[in-house]
Amino acid sequence: METVAVVVMHKGKILALKRESYKKWYPGMWDLGSGKIESGETPERALRREMGEEIGIEDFDLQKRGDSYIYTEKGESWKVYPFLVEIF
């Protein structure tokens, strides 16, 4: 599975989102934005979609895309594309 992860900055602060209690991974915990990359999507397009779906923001400045990495936990692995964005 491939995912995007995003650190959202606004006026020097970092946005944290509380995960829904029904989520499989880390229910009820504070987290940064993230989401699955859908078939045929680029990581950048998935980032824009997830930002719109999760926090309702589609206009932001992409500051940096980090190097992708593999995250493994409990026998499952994801390829993660990290991003840093600034919202105004």
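1. Accessible areas here come from the Shrake-Rupley method with a 1.4 Å probe, and for residues only the protein chains shown count as cover. On that basis the chain exposes about 6100 Å², and carbon and sulfur atoms supply 52% of this area.

2. A word on what you are looking at: this is a predicted model, in which local features need pLDDT of at least 70, side-chain atom pairs count only at pLDDT 80 or more, and totals for chains, interfaces and linings use all residues. Residues are numbered from 1 along each chain as its sequence is written, and side-chain values use heavy atoms, with hydrogens and water left out.

3. Let's start with the fold.

4. Next, the inside. Of the 88 residues, 28% are buried (under 20% relative accessible area; exposed means over 50%, partly exposed in between, with a 1.4 Å probe and protein chains only). The largest nonpolar core has twelve residues, among them Val4, Leu47, Phe60 and Phe83. Such a core is a set of buried Ala, Val, Leu, Ile, Met, Phe, Trp, Tyr and Cys residues joined through side-chain atoms within 4.5 Å. Strand 1 (2–10), helix 1 (43–55) and strand 8 (76–86) each give two or more residues to this core.

5. Leaving out residues up to four places away in sequence, leucine 47 touches Val4, Val6, Phe60, Leu62, Phe83 and Val85, where contact means heavy atoms within 4.5 Å.

6. Two lysines deserve a look. Lysine 11, in the loop between strand 1 and strand 2 (13–14), has a positive phi of about 50 degrees although it is not a glycine. Lysine 11 counts as exposed because its relative accessible area is 71%. Lysine 74, in the loop between strand 7 (69–73) and strand 8, also has a positive phi, near 50 degrees. With a relative accessible area of 69%, lysine 74 is exposed.

How values were computed: Helix = DSSP H or I, 4+ residues; strand = E, 2+ residues; numbered from the N terminus.
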